[in-house]
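Colleague: I am new to reading models. Could you take me through a few features, one at a time?

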Amino acid sequence: MLPGVLRAIKLVNETISTLLLNYVAPLIVSFFIFGPWRSAESASYPQSPAFVDAARLPSLAGTRIHLGLLYGLVSLALYAFFISRTRWGLAMRAVGGNPEASLRLGVPVSGYIIVAMGVAGGIAGVAGMAEASAIQGRLVAGLSPGYGFMGFLVAWLAAGRAVGILIMAFLFAAISSVGDILQITQAVPYAVVNVLMAVILFIVLSQRRS
């Protein structure tokens, strides 16, 4: 919600503030796992104590696929409904398309921006909870290896369309997974994955301009 407030008062663009806060959030996590939440059993590697079983999300048949996938799909379905079937969604699309015109038509642009950013931050928090609860089983320093930047690319390339978000999310997840495998088995630098993602971004942007 903080980037939304900064954007609403026309102080900082939300793209800049959210990208920069991707560096602040891990520092906040590090404060807790190096300090009050640090596990006494892991003196050499700072992390929180392991979550109890009741706080863990269940996995599917012993795989890394867990209930967080359902959370993501439900969030996407709700987004698709509200953005395309409700008055709020119509106003939100108008604000995103032309905020000045929306303001002249009486739409409370600042309020819509703050609410949208707050909801988006909450959904991102649920995603972080799923990663920590289902995969890590505790709070660790490297909880997010660039998920914020990847989510930014997914949202940008999908252009706000729910189907596009679903396709791009699975595409980038596959690219990231393949990058991890190549790094382990073939000693290929993971930077190749970032180059590939950048190429995809430039191709899509060039198609939109044409």
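Modeller: Start with Glu14. Glu14 has a relative accessible area of 26%, so Glu14 is partly exposed. Buried means under 20%, exposed over 50%, partly exposed in between, with a 1.4 Å probe and protein chains only. This is a predicted model: local features need pLDDT of at least 70, side-chain atom pairs count only at pLDDT 80 or more, and totals for chains, interfaces and linings use all residues. Residues are numbered from 1 along each chain as its sequence is written, and side-chain values use heavy atoms, leaving out hydrogens and water.

Colleague: Which residue forms a salt bridge with Glu14?

Modeller: Side chains of opposite charge can pair when their charged atoms come close. A salt bridge is a side-chain nitrogen of Lys or Arg within 4 Å of a carboxyl oxygen of Asp or Glu. Here Arg7 pairs with Glu14, with the closest N and O atoms 2.9 Å apart. Arg7 is partly exposed too, at 24% relative accessibility. A search of the whole structure finds 1 salt bridge.

Colleague: How do the axes of α3 and α4 cross?

Modeller: Helices are DSSP runs of H or I, at least four residues, numbered from the N terminus. Axes are lines fitted to C-alpha atoms over the stretch in contact, and angles run from 0 to 180 degrees between N-to-C directions. The axes of α3 and α4 come within 5 Å and cross at roughly 80°. Angles of 65 to 115 degrees count as roughly perpendicular, so α3 and α4 are roughly perpendicular to each other. Contact means heavy atoms within 4.5 Å. The contact residues include Phe82 of α3 and Trp88 of α4.

Conventions
Helix = DSSP H or I, 4+ residues; strand = E, 2+ residues; numbered from the N terminus. Parallel < 35°, antiparallel > 145°, perpendicular 65-115°, else oblique.
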